[in-house]
Amino acid sequence: MRKEAQQALGIAVSTMVLGACVTGPGTSASAQKPRQISASERAQAAQAHPESLAEFGGGYEGPGTAMVKRIGKEVAVRSNIASAENECTVTLLNTTVVNAFAIPGCYVYMTRGLLSIMNSEAELASVLGHEVGHVDAQHSKKRQNAALGSGLVSILATVLTGSSQIGQLAGQLGQAWTMKYSRDQEYQSDDLGIRYMTAAGYDPYAAAEILQSLGDQEALETRIRGQNEAAQIPSWARSHPLTAARVKRASQKAAATGVKPGQLKRDAPDYYAAVDGMLYGDDPAQGFVEGHKFAHPVLKIAFEVPQGYYLNNGAAAVTATGGQAQIQFSGGKLGDGDSLDSYISTVFQGVLGNNKAQYTGVQRTTINGMDAATATARVATQNGNRDVNVVAYRFGGGSGYHFIFISPSNVNVWDVVNTTARSFRKLTDAQAAALRKRVVQVVTVKSGDTAQSISQRMAFDNYKLERFLVMNNREANPTLRAGEKVKIVVFG
């Protein structure tokens, strides 16, 4: 959650329409006539671009950015998109989420999280080529819009307001990873990506390697969270389903190009030089998520949710899912002369909109030395009654913060509400200073180094070796050669 989120109360519903595609039917990436990006597509993409940036932490301008933009253009000009070098906009997003996506108008996005698990420019060319392929083939026109919603946001907008239009828009809020494609569309984009990267001079066998790395990363995330796959936050592997058959197919398509393994460039040294020092994990300006705990070194706040809940650090709010309640944490303005009653009223207005449900009288309390207040509303929906609990705090310095808890009315979630609400606290200067960012560091293997010994330098308390193996695309018990480059994560 960024500092600017203090200015936002309630729910901000995006009007971004990522799935729009206005070109006529029948156009394909294999057509002889160059694929023209229409003025309407460009206008819609340009309108959506700032919102995409806002929802994914903004554009990242540190190490790795220039490489992503350069290679994105290199593969785009090999596509069937006319004037792709000028028409396609490539952005590296400042988020730890492992994902890549594209929207009509040839706006292509990739995250820091995904870039960190690559190991060559060829792998990068494969992913960017795949996303350009979706644009080239106009897959968004036929996209199977996933009904995953956007966690709490869509529940608040759809369940509580009853507006399907608002719900549809809210379901798109920052959730580009829910834009699922059919298997045939994924295969076609795989094929197009391999075609583009090969034409650009990159080793096509890297396509299967990054697919394998993505699958390994997904499996590791599952182990770290101790949750099953369905409970995970959607990621690249959820919106672009990964299977062993797809990895094998990518290898076969690479062989079908007639190129021998290693014949074309991989440019691994250039990749390592580009990502050395790149921010890894959460940006300190947005706060840190560690398991079920959240802490913000700039705002000097912290809280935690019960075990079993999974935190998602968004641009305007922190959300938690996985249990019987949906939780959102955010902030807003609360001056010394403003009352907590009016603050809570504003929160409920943002949640309920025009819904006629009334919330109960505000109850005052004190939590960890802060003035606090609570209120509850019961809302009738098509799926039964829902309780909305709001807990707000006067933080000082003109700021207020609040939790919103949404749950079925027949489920008792008081323990969740009470435990979470009472965990919110101010951090001391020393506690805030102890929250340090992590960065990617490229190191040279020395004689006698092993994966086990190098991984002990990783800035994590657990799964050090496993994280090292995945981000370097290594099998268990790998043999490291003196002089080769590997990546680790250290405190910056």
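Helix H12 covers residues 268-275, and its buried residues are Tyr-271, Tyr-272, Ala-274 and Val-275. Looking down the axis of H12, you would find these buried residues within an arc of 165 degrees, so they line one face of the helix. Keep in mind as you explore that this is a predicted model. Over on the other side of H12, Pro-269 and Ala-273 are exposed.

What covers the buried residues of H12? The cover includes helices H2, H4 and H5, together with strands E16 and E17. Here is where to find them:

| Element covering H12 | Residues |
|---|---|
| Helix H2 | 65-76 |
| Helix H4 | 112-115 |
| Helix H5 | 121-136 |
| Strand E16 | 438-444 |
| Strand E17 | 485-491 |

After H12 comes Gly-277, which has a positive phi, near 90 degrees.

Now let's turn to a sheet. Strands of a sheet pair through backbone hydrogen bonds, either parallel or antiparallel. In this model, seven strands make an open sheet with antiparallel pairing, in the order E8-E9-E10-E14-E13-E12-E11. Which strands sit at the edges? They are E8 (310-313) and E11 (363-367), each of which pairs on one side only. On average, neighbouring strands of this sheet are turned by 25 degrees against each other, direction ignored.

You can take a look at one pair in detail. E8 and E9 (residues 318-321) run antiparallel and are joined by four bridges. Leu-311 has Ala-320 in E9 as its bridge partner.

Finally, helix H13 (residues 340-352) lies across E10, E11, E12, E13 and E14. The helix H13 runs at about 30 degrees to E12 (370-381).

How values were computed
Residues numbered from 1 in each chain as written. Predicted model: local features only at pLDDT ≥ 70, side-chain atom pairs only at ≥ 80, totals over all residues. Heavy atoms only, no water. Buried < 20%, exposed > 50% of the residue type's maximum accessible area, 1.4 Å probe, protein only. Helix = DSSP H or I, 4+ residues; strand = E, 2+ residues; numbered from the N terminus. Arc of directions from axis to C-beta. Contact = heavy atoms within 4.5 Å. Pairing = 2+ DSSP bridges. Axes fitted to C-alpha atoms, helices over the stretch in contact; angles between N-to-C directions.
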